[in-house]
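This report describes one protein model, with attention to its strands, surface and salt bridges. The sequence and structure come next.

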Amino acid sequence: YVITKAPGSFQVSTAYRFPMPLTPGTQATLEEVATLPIPGPTDSQLTGADVSPCGDAVLLRMYNRLVLMRTDGGSLESAFTGTPVAVPVAQEGQGEAVAFAADGRSYFTASEAIAGDPPLFQSTCR
């Protein structure tokens, strides 16, 4: 899946999927899956995302917050049209990245760094 980073505030992002099966050496045209309900009117741009290891949720990162969208028990794509739920995130200057831990019981976030390595924050899932 690919999710767009809409230019500027107040513009929602779009989710696309790769057509399957992919054929090596052949150009593929992505298929639109959903227009996301985020970023919302008070959000900044979408900067990162990750799918849970078991495929039942997606974390979506914006500069100013992080949301979780769960599937309806069916396909991963159903998460893209669900209701975003705000989840805890560290205070970061410009939140850029998010990734689930391999066991799905926590997630990591990171910001940009002008010099040196940016700090990596971990939050535990309930």
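Is D43 buried or exposed? D43 is buried, with a relative accessible area of 4%; buried means under 20%, exposed over 50% and partly exposed in between, with a 1.4 Å probe and protein chains only.

The model is predicted, so local features need pLDDT of at least 70 and side-chain atom pairs count only at pLDDT 80 or more, while totals for chains, interfaces and linings use all residues. Residues are numbered from 1 along each chain as its sequence is written, and side-chain values use heavy atoms, with hydrogens and water left out.

**Overall make-up**

The protein has ten strands and zero helices, giving the pattern β-β-β-β-β-β-β-β-β-β along the sequence. Strands (E, at least two residues) and helices (H or I, at least four) are DSSP runs, numbered from the N terminus. Of the 126 residues, 37% are buried. Taking contacts between residues at least 6 apart in sequence, 34% join residues at least 24 apart; contact means heavy atoms within 4.5 Å.

**Surface**

The protein exposes about 7,500 Å², and carbon and sulfur atoms supply 54% of that area. Accessible areas come from the Shrake-Rupley method with a 1.4 Å probe, and for residues only the protein chains shown count as cover. V2, F18, M20, L22 and L30 make a nonpolar surface patch of about 450 Å². Patches consist of residues with over 30% relative accessible area and no salt bridge, with nonpolar side chains (Val, Leu, Ile, Met, Phe, Trp, Tyr) joined within 5 Å and like charges within 9 Å.

**Salt bridges**

The structure holds four salt bridges, each being a side-chain nitrogen of Lys or Arg within 4 Å of a carboxyl oxygen of Asp or Glu.

| Pair | Closest N and O atoms |
|---|---|
| R17 and E77 | 2.7 Å |
| D43 and R65 | 2.6 Å |
| R70 and D56 | 3.9 Å |

In the salt bridge of R17 with E77, R17 lies in strand β2 and E77 in the loop between β6 (66-70) and β7 (85-86), so the pair ties together parts that are 60 residues apart in sequence. R17 is partly exposed, with a relative accessible area of 28%. R17, E31 and E77 are linked in a network of salt bridges.

D43 forms a salt bridge with R65. This pair links distant parts of the chain, 22 residues apart: D43 is in the loop between β3 and β4 (46-51), and R65 is in the loop between β5 (57-62) and β6. D43 is buried, whereas R65 is partly exposed at 26% relative accessible area.

R70 forms a salt bridge with D56. Because R70 lies in strand β6 and D56 in the loop between β4 and β5, the pair ties together parts that are 14 residues apart in sequence. R70 is exposed, with a relative accessible area of 51%, and D56 is partly exposed at 29%.

**Around Q11**

Q11 is placed in the loop between β1 (2-3) and β2 and counts as partly exposed at 38% relative accessibility. Leaving aside neighbours within four places in sequence, Q11 is in contact with A6 and P39. Q11 and P39 are 28 residues apart in sequence, and their C-alpha atoms are 6.7 Å apart in space.
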